[in-house]
Amino acid sequence: MATPTYVPLGTFSVSTNTVSVTFSSIDQSYGDLCVAVTGKSFGSNLGFLQLNSGTSNDYVSAQALAGTGIETTSGNSSVIRLGNQTFGTDINNLVAHIMDYSETDRYKNVLSSGSNGAELNFFTCAIWKDTSAVTSVKVDGDFASGTNVSLYGIAKVVV
């Protein structure tokens, strides 16, 4: 059995404050995708993921868990939340896994988590209600200079 491997597909290093980063024409030869964001925010919006320029009907069954584990939110949206808007200018580490992104016979599961390295953590699970292959990933947020936004392909496991 092959060992899953993360292959860097692209990294955007923010040199001036930026509100979105888009990875397009994504190679379809991997099993899953991973988006990683490390850095700071210059505002209160850090962390939304949009697949293939999604619309308001694209996401369903999104569940979020924030803070110390006592708050929960749920609902439908055109974006998947990666972080918590109260992170502000703290250092953030956000990761999203997009499962089976190149498959065209199923919806895509997305798991994301984030932390500001202090007491605030955030976890979201969502379903992208579309059977299209993911060809572009847009990451929205108030990304401050020095932030890195990376995209990785995860090798398919052959059994």
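Strands, as counted here, are DSSP runs of E with at least two residues, numbered from the N terminus. In this predicted model, the protein chain has 12 strands and zero helices.

**Chain-level properties**
- The protein chain comprises 159 residues, of which 41% are buried.
- Its accessible surface is about 7,800 Å², and carbon and sulfur atoms account for 51% of that area.
- Of the contacts between residues at least 6 apart in sequence, 77% link residues at least 24 apart.

**Nonpolar core**
- The largest nonpolar core contains 24 residues, and Leu49, Ile98 and Val137 have the most contacts inside it.
- Two or more residues of this core come from each of β2 (18-23), β3 (32-39), β4 (41-51), β8 (92-98), β10 (121-128), β11 (137-143) and β12 (148-154).
- In soluble globular proteins, nonpolar side chains tend to be buried together.

**Serine 102**
- Serine 102 is located in the loop that lies between β8 and β9 (108-115).
- The relative accessible area of serine 102 is 14%, so this residue is classed as buried, the cut-off being under 20%.
- Leaving aside residues up to four places away in sequence, serine 102 touches Gln28, Tyr30, Ala133 and Lys156.

Technical notes. Residues numbered from 1 in each chain as written. Predicted model: local features only at pLDDT ≥ 70, side-chain atom pairs only at ≥ 80, totals over all residues. Heavy atoms only, no water. Core = buried A, V, L, I, M, F, W, Y, C linked by side-chain atoms within 4.5 Å. Buried < 20%, exposed > 50% of the residue type's maximum accessible area, 1.4 Å probe, protein only. Helix = DSSP H or I, 4+ residues; strand = E, 2+ residues; numbered from the N terminus. Contact = heavy atoms within 4.5 Å. Areas by Shrake-Rupley, 256 points an atom, 1.4 Å probe, with all protein chains shown as cover.
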